[in-house]
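Thanks, everyone. Please take a look at the model on the screen, and I'll walk you through a few parts of it.

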Amino acid sequence: MKNRIRIALVDDHKLVRNGIKSLLEEEHDIEVIAEGSNGYEAIDIVESIQPDVLIIDVRMPEMNGIEAVGKLRNIKTNTKSIVLSMHDSEDYIMQSIKAGASGYLLKDTDKKEFIKAIHTVHSGGKYFSGDISEVIVSNFLQKGIQSQKSNIVSQNENPYSLTKKEKRILSLI
């Protein structure tokens, strides 16, 4: 088939890669074209083969998935990344997004959602499962509240928007 989504799988557990590969091989419009077991191999695969979508595990030896996704931003590529992990920690999720991942899924995601994520990311969108979206929204809201608090504090510290020179003059008085 001509317009198949070309996938690279990178996970340090061969059994996991084999399971994902067999799951994806059932799809008529998806093809697994490469596999790797660490972040260095992920970068090599993307540089040489240019898959449409890279599905990469977070925790791997030598170079983890988040580091690899971050390094891929320096490579001229159209490859989009989906981080696949068993960890739903806010830290991993936010680091993955900052690194440039287009999606983040937990390894307990069902096949239907996994395939939907691949199609969404391939077409240029972002995909985060429901639980992951809640973490992202919560983080965003917390940052917004902290930003508002810091604005209030800075306004209270300088409610009249005085310049440094005006503050200095007042302190001398």
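Let's start with a helix pair. H3 and H4 are roughly parallel to each other. Why do we call them that? Their packing angle is about 15°, and angles under 35 degrees count as roughly parallel. The axes of H3, residues 65-72, and H4 lie 8 Å apart. The crossing of H3 past H4 is left-handed.

Which residues make the contact? From H3, we have Ile66, Val69 and Gly70. From H4, Tyr92, Gln95, Ser96 and Ala99 meet them. Sorted by class, that contact of H3 with H4 has four nonpolar residues, three polar ones and no charged ones.

A reminder before we go on: this is a predicted model.

Let's zoom in on E4 and E5. They run parallel, and four bridges join them. E5 covers residues 103-106. Leucine 84 stands opposite leucine 105 in E5. Serine 85 stands opposite leucine 106, also in E5.

Are the faces of E5 covered or open? Both are covered. Gly103 and Leu105 are buried on one side. Tyr104 and Leu106 are buried on the other. As a general point, side chains in a regular strand alternate between the two faces of the sheet.

Stay with serine 85 for a moment. This residue is in strand E4. Buried or exposed? Serine 85 counts as buried, because its relative accessibility is 0%. What does serine 85 touch, leaving aside neighbours within four places in sequence? The contacts are Asp57, Val58, Tyr104, Leu105, Leu106 and Lys107.

Last stop: aspartate 88. Where is it? Aspartate 88 lies in the loop between strand E4, residues 80-85, and helix H4, residues 90-99. With a relative accessibility of 47%, aspartate 88 counts as partly exposed. Now look across to leucine 106. Aspartate 88 and leucine 106 are 18 residues apart along the chain. Their C-alpha atoms are separated by 7.0 Å.

That's the tour. I'm happy to go back to any part of it.

Methods: Residues numbered from 1 in each chain as written. Predicted model: local features only at pLDDT ≥ 70, side-chain atom pairs only at ≥ 80, totals over all residues. Heavy atoms only, no water. Helix = DSSP H or I, 4+ residues; strand = E, 2+ residues; numbered from the N terminus. Buried < 20%, exposed > 50% of the residue type's maximum accessible area, 1.4 Å probe, protein only. Axes fitted to C-alpha atoms, helices over the stretch in contact; angles between N-to-C directions. Parallel < 35°, antiparallel > 145°, perpendicular 65-115°, else oblique. Left-handed = near helix turned anticlockwise from the far one by under 90°. Contact = heavy atoms within 4.5 Å. Nonpolar A, V, L, I, M, F, W, Y, C, P; charged D, E, K, R; others polar. Pairing = 2+ DSSP bridges.
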